[in-house]
Amino acid sequence: MEQQIAFFLRELKDGDTWRRAAAAKGLGRVGRDEHAWVLVASADDRTPEVREAVAVGLGRLGVAEAGRVVLPALMDDEDPWVRRRASRAAILLGLDCPAIVDAHTRLLRDPDRHLRINALDGLEALGVPGHVPALVALLGDPDPAVWGRARVLLYRLRDDPAVRAEVVRTAEQGAGDARVRALELLPAQWTGRLHDALVAGLHDASAQVRSAVAARLFDVEATRTRDALVEALEAEREASVAAALLRGLGRRGEDRVAGPATRWLGDAAAGPSAAYALGAAATRAAVGVLRTAVNDLALPGRTRAAVAKAIGQAGRWDAVWLLLPLLDDVDGEVRAGAVDGLDALVDDGLRPWERRSVAGALVAHLAADPTTVWKTHNALIGLAEALPGLRRIVDRTPTAEVRAAALSLLDTHNATDDDTGADLARFVHALDDPDETVRFHATEGLAHWLADTRTRPPDQERLRARLSALASDDSETAPARAAADEALRALDDRRL
């Protein structure tokens, strides 16, 4: 070890550039505290490679006193690699003197992204903002590693009055991404104070800012705010911002969106949001547009799917008859949208003469379209008219996922009819199904059947043995074992 140290000391004094640099790093690995001061003496070496190596060596040796002497200057070195190594060394040494804080602060504006990251890491370790405007400005940095760290540090320092004031100023007057991220840092209760600046921001040059300020204004009840949002939508020319405005105003049930929504319906990006807004408005004119659009093959499938869902949500008298044919559409997205629309109609309550048609069509779709099995399952919940068809699926379908969905719908928590008693045999039979999902829904359905019908099943001991085996089988999922335990408790209920 001593020979190695002696060699490094000679090389640091008399070697060429690369040997001096290697010696400085070597001393950092094997040297003692006193050798930190030897490195300090080499910190003004004429070549940046050696100055960089000195910074590395000082960080390794861990002598904070030596680091304080030269690292602030090295952090201002003309060479970015020297600045980079020196700033990391300052962090490793935990240096917190004013000169180091100032050096980190200057690096917040460094053109090298690595140095901006180092500066933020250093200030985070010290728990100080450095220069507040420079720190907040980094919210607009193009590099996620930079602006993400800046946001974390600002959130940590959010109670500092200077930090809070600069974040608010940026949220009101900042540019681009910096303004957007400053808005994200401010809690909802700041919206009232920022209201006028937010309204003005609806016409900002940045699309990101326009979307961000609109998002803050959607929950404001004032009529003038709603008017401003509608006016902004009328004037908007960017599809992404129009989509955000259409969704937000649609959620508020604003019927003045019908005109702009009709214009944006043909846009690939904003079309689905336009469809949603038309469905939410549910005026005669809006629904008329949806009726035409749902069969417009020039529209993208994603938009037609949104139109189908919106028709269901609008719930006009002919919605069912518009949607049922779409279950056979060649476009899978449109079929899924039709299921969503029918689901909305089922939730709102179908008319008596619609129930059987919807139930029959959805049962057929459940067996025919593997891409929408669980979406169709959800639409069928509560439709007792579907139960006969679902029983046929359970008894006949070879597809495990469809069989599981149909079994789940026979669960007494979903719907019952006069033939519910016969479903016990289906649940019991499916306890031995090779598919785990089928076994789970059979077990859960059995537990609910026992609890709801209060009927004692035949061959209870054999059933108890099978349920006990499922409950103790580690190869079954935790939900399946829990369902088996629930079924055992229901089976042992004295009220059966």
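Guide: Start with a term: two residues are in contact when heavy atoms of theirs lie within 4.5 Å. Leaving aside neighbours within four places in sequence, threonine 47 is in contact with Thr17 and Arg20. Keep in mind that this is a predicted model.

Visitor: Where does threonine 47 lie?

Guide: Threonine 47 is in the loop between α3 (35–41) and α4 (48–61).

Visitor: Is threonine 47 buried or exposed?

Guide: The cut-off for buried is under 20% relative accessible area. Threonine 47 has 13%, so it counts as buried. Its side chain also makes a polar contact, at 2.9 Å, with the side chain of aspartate 45.

Visitor: Which helix holds threonine 376, and what does threonine 376 touch?

Guide: Threonine 376 belongs to helix α24, residues 373–380. With residues up to four places away in sequence not counted, threonine 376 touches Val339, Leu362, His365 and Leu366. Its relative accessible area is 0%, so threonine 376 is buried.

Visitor: How do I read a whole helix?

Guide: An α-helix has 3.6 residues a turn, so residues three or four places apart point the same way. Then count what is covered. In helix α18 (residues 271–281), nine of the eleven residues are buried. Among them are Gly271, Pro272, Ala277 and Leu278.

Visitor: What covers the buried residues of α18?

Guide: The cover includes α16 (239–251), α17 (258–264), α19 (284–293) and α20 (301–314). After α18 comes alanine 282, which has a positive phi, near 55 degrees.

Visitor: How many helices and strands are there in the protein chain?

Guide: The protein chain has 30 helices and zero strands. The globule rule gives 23 Å for 496 residues, but the radius of gyration is 34 Å, so the chain is more spread out than a compact globule. Its C-alpha atoms fill a box of roughly 100 × 65 × 40 Å along the principal axes.

Visitor: What share of the residues of the protein chain counts as buried?

Guide: Of the 496 residues, 54% count as buried. The accessible surface is about 22700 Å², and 51% of it belongs to carbon and sulfur atoms.

Visitor: And the charges?

Guide: Compare their mean positions. Here those of the 64 positive and 76 negative charges are 2 Å apart.

Notes: Residues numbered from 1 in each chain as written. Predicted model: local features only at pLDDT ≥ 70, side-chain atom pairs only at ≥ 80, totals over all residues. Heavy atoms only, no water. Helix = DSSP H or I, 4+ residues; strand = E, 2+ residues; numbered from the N terminus. Rg over C-alpha atoms; globule rule 2.2 N^0.38 Å. Buried < 20%, exposed > 50% of the residue type's maximum accessible area, 1.4 Å probe, protein only. Areas by Shrake-Rupley, 256 points an atom, 1.4 Å probe, with all protein chains shown as cover. Lys, Arg positive; Asp, Glu negative; His and termini not counted. Charge placed at Lys NZ, Arg CZ, Asp CG, Glu CD. Polar contact = N/O pair within 3.5 Å; in protein donor to acceptor, adjacent residues only side chain to side chain.
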